[in-house]
Amino acid sequence: METKIISCTGEKGGCGKTTLNIILATNLFHLYGKKVVLMDMDNPQYSVYKKRKRDLAQIGKMETDAFPVERATIHTLEPLIKKYYGIVDFIIIDFPGNLNEEMVRGLLYVEHIFIPFFLDELEIDSTAVFYKTLRKNFLDNDNRVLRSVNLFFNRYELVKVNKFNAVRKTLARAGMPMMRQVVMERTIYREKYRNTLVPIPLSKENGEQGLKRFMEEVLEISKN
Ligand SMILES: Nc1ncnc2c1ncn2[C@@H]1O[C@H](COP(=O)(O)OP(=O)(O)OP(=O)(O)O)[C@@H](O)[C@H]1O
Ligand SMILES: [Mg+2]
């Protein structure tokens, strides 16, 4: 089995990395039938790992089909990747909000990076710096593992479509690769529905504005 290592990550705190990594994992596993493992490197917070425990407690003793969630540190990441490489379709890694120097080493394993981007002037600069650092250190490297870096709007709001379009143009001019699809600002992506055991019910999604197109773009990018 060909394994892809992907991550929603970035150098900004609170932009939706963990939310999107959980959403990616549950959707790839339940809706697309992919074999998935989610690795939580957010030591000592371990919010994904704890979330899985809460989700299991909520569901009670009922048997449930679930993808594994593993806690990892920079020292255990490599053996964990080796454990799953070749037997899952996707290894998804959740990094901490602050990508310190040690943690950046974890990025060496990632093949496709997805950077959530929220509408904020200050973010443009910091994300541009982060993107250029990735490019210089990982993408423009002959022995590279990293195949793509993709920015996307998270918490997208239709009422701010003009602002988002203006930012999209600015980012494109700066040479940063923006995804076509966006993730909407929606309460269903918050704690209540964000779950490591069950995907968001399709009935809760707003049709065309739901996650489907975003998921499909992620799958298309990850093929490379
Ligand atoms: N598309 C969305 N719609 C609504 N709420 C969202 C969305 N994306 C993220 N959030 C909310 O934003 C908050 C921060 O999200 P999250 O914890 O996923 O960010 P993070 O980047 O992992 O943060 P940290 O840097 O602390 O690890 C959470 O309360 C989450 O529910
Ligand atoms: Mg997080």
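The following questions and answers concern a predicted model of one chain and its ligand.

Trainee: How many helices and strands does the secondary structure of the chain have?
Mentor: From the N terminus on, the elements run β-α-β-α-β-α-β-α-β-α-β-α-α. The secondary structure comes to seven helices and six strands.

Trainee: What radius of gyration does the chain have, and why does it agree with a compact globule?
Mentor: The C-alpha trace spans about 50 × 40 × 30 Å along its principal axes. A compact globule with 224 residues would have a radius of gyration near 17 Å, so the chain agrees with its value of 17 Å.

Trainee: What percentage of the contacts in the chain with a separation of 6 or more is between residues 24 or more positions apart?
Mentor: Two residues are in contact here if their C-beta atoms lie within 7 Å. Of the contacts with a separation of 6 or more, the share from residues 24 or more positions apart is 82%.

Trainee: Which residues are the closest to ligand 1?
Mentor: The shell around ligand 1 has three nonpolar, seven polar and seven charged residues. Ligand 1 is surrounded by 17 residues, and the closest are G13, G16, T18, T19 and G97.

Trainee: What distance separates the C-alpha atoms of R190 and M179?
Mentor: R190 and M179 are eleven residues apart along the chain. Their C-alpha atoms are separated by 22 Å.

Trainee: Which residue does a cis peptide bond join to N43?
Mentor: The omega of this bond is about 5°. The cis peptide bond joins N43 to P44.

Trainee: What is the phi of Y46?
Mentor: Y46 is in the loop between β2 and α2. Y46 has 18 other C-beta atoms within 10 Å, so Y46 is partly exposed. Although Y46 is not a glycine, its phi is positive, at about 40°.

Trainee: Where is R155 found?
Mentor: R155 has a positive phi of about 60° although it is not a glycine. With 18 C-beta neighbours inside 10 Å, R155 counts as partly exposed. R155 is found in the loop between β6 (148-153) and α6.

Key:
Residues numbered from 1 in each chain as written. Chains lettered and ligands numbered in written order. Predicted model: local features only at pLDDT ≥ 70, side-chain atom pairs only at ≥ 80, totals over all residues. Near = placed C-beta within 6 Å. Nonpolar A, V, L, I, M, F, W, Y, C, P; charged D, E, K, R; others polar. Helix = DSSP H or I, 4+ residues; strand = E, 2+ residues; numbered from the N terminus. Rg over C-alpha atoms; globule rule 2.2 N^0.38 Å. Buried ≥ 20, exposed ≤ 12 C-beta atoms within 10 Å, placed from the backbone.
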